[in-house]
Amino acid sequence: MSALLQPALVPESGRLYTELAATAAEVRESQRLRYQVFAQEQGAHLEGATDGLDQDAYDPYCQHLLVRDRATGRVVATTRLLLDEQAAQAGGFYSQSEFAMDSLLALRGRRLEVGRTCVDPQYRQGGAIAVLWSGLAAFVQLHQVDYLFGCASIALDDGGVHAHAIMDRIRQHAMTDPRLRVTPRRAVPRPPSYDDATITAPLPPLLKAYFRLGARAAGEPCHDPAFNVADVLVLVDVDRIDTAYSRHFLQRAARD
């Protein structure tokens, strides 16, 4: 495993806590939760998934952030983290399979890709995402990350109506500077019946959390047919993170 691994990222207090997977067995716990959420719950067609695990060619180069329930030892939330150095060994970032992103790759500073984020259904109304965020914040600080980015997905179960309504809102209020835009490799089809004057849609929880943190969308979404979603690439300049919001997450994590 990577020498960058640390045994714990936040103080072990409260019901939930974060750690980085330090063994192959712990990585499989993350992959098992991903399979349960993405394949079994959401119906994604996962390439390379075997034995109830969501695994791909990027996993060996990533660090896997886990949220555990202290009472049961279960992994109840996870995300995977890919730094510049490991991305170079992997042949690039996962996001490059969906976007032409030369503008982001040209940024000076250390980059971190966040992906495959999911939460156990039983923990989505609690503090699991807050605890996961606190672990991510600790990782960013530990490794002196300047920019973090990743895909936030919008379901296309309705043919893309809500995805286009959400993007209409994002284009007005939450886009990066044009110099930092990416280009999707597969555009999201526009529904023939779409009427932007009448459709409203709430932001998915992960996308809302990113925007409250200070993220901006780096361009139009990419169609991911395997997951049946529109992926929005979001970019966070660490120097511009909303400190009040990040403090709220850290305080909430300490209570859970």
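This is a predicted model: local features need pLDDT of at least 70, side-chain atom pairs count only at pLDDT 80 or more; totals for chains, interfaces and linings use all residues.
Biologist: In which sense does strand S3 pair with S5, antiparallel or parallel, and which residue in S5 stands opposite Thr78?

Modeller: Strand S3, which spans residues 75-83, is joined to S5 over six bridges, and the sense of that pairing is antiparallel. Within S5, the residue that stands opposite Thr78 is Cys118.

Biologist: How many bridges pair S5 with strand S6, and which residue in S6 is the bridge partner of Leu112?

Modeller: Strand S6 runs over residues 147-155 and pairs with S5 in the parallel sense, the number of bridges being four. For Leu112, the bridge partner in S6 is Leu148.

Biologist: Which helix makes a β-α-β unit with S5 and S6?

Modeller: The unit made by S5, a helix and S6 is right-handed. The helix in question comprises residues 128-142 and is H4.

Biologist: Turning to charged pairs, how many salt bridges does the structure hold, and with which residue does Glu29 form one?

Modeller: The structure holds 17 salt bridges. In the one formed by Glu29, the closest N and O atoms are 2.7 Å apart, and the partner is Arg68. This pair links distant parts of the chain, with Glu29 in helix H1 (residues 24-41) and Arg68 in strand S2 (residues 63-69), at a separation of 39 residues.

Biologist: Which residue forms a salt bridge with Arg34, and why does the pair tie together parts that are 20 residues apart in sequence?

Modeller: The closest N and O atoms of the salt bridge lie 3.0 Å apart, and the partner of Arg34 is Asp54. The pair ties together parts 20 residues apart because Arg34 lies in helix H1 and Asp54 in the loop between H1 and S2. Arg34 is buried at a relative accessible area of 0%, and for Asp54, which also counts as buried, the relative accessibility is 0%.

Biologist: How far apart are the closest N and O atoms in the salt bridge of Arg74 with Asp120?

Modeller: Arg74, at 33% relative accessibility, counts as partly exposed, whereas Asp120, at 6%, counts as buried. In the salt bridge that Arg74 forms with Asp120, the distance between the closest N and O atoms is 2.4 Å.

Biologist: How many residues apart are Arg74 and Asp120?

Modeller: Arg74 sits in the loop between S2 and S3, and Asp120 in the loop between S5 and H4. The pair thus links distant parts of the chain, and the separation is 46 residues.

Biologist: Which backbone nitrogen does the side chain of Asp84 reach?

Modeller: Asp84 is found in helix H2, residues 84-90, and with a relative accessibility of 18% it counts as buried. Leaving aside residues up to four places away in sequence, Asp84 touches Phe93, Gly109, Arg110 and Arg111. The backbone nitrogen that the side chain of Asp84 reaches, at 2.5 Å, is that of Arg111.

Note on methods:
Residues are numbered from 1 along each chain as its sequence is written. Side-chain values use heavy atoms; hydrogens and water are left out. Two strands pair if DSSP finds at least two bridges between them. Helices (H or I, at least four residues) and strands (E, at least two) are DSSP runs, numbered from the N terminus. A crossover is right-handed if, with the strands pointing away from the viewer, the path from the first strand over the helix to the second runs clockwise. A salt bridge is a side-chain nitrogen of Lys or Arg within 4 Å of a carboxyl oxygen of Asp or Glu. Buried means under 20% relative accessible area, exposed over 50%, partly exposed in between (1.4 Å probe, protein chains only). A polar contact is a pair of N or O atoms within 3.5 Å; within protein, one must be able to donate a hydrogen and the other to accept it, and residues adjacent in sequence count only if both atoms are side-chain atoms. Contact means heavy atoms within 4.5 Å.
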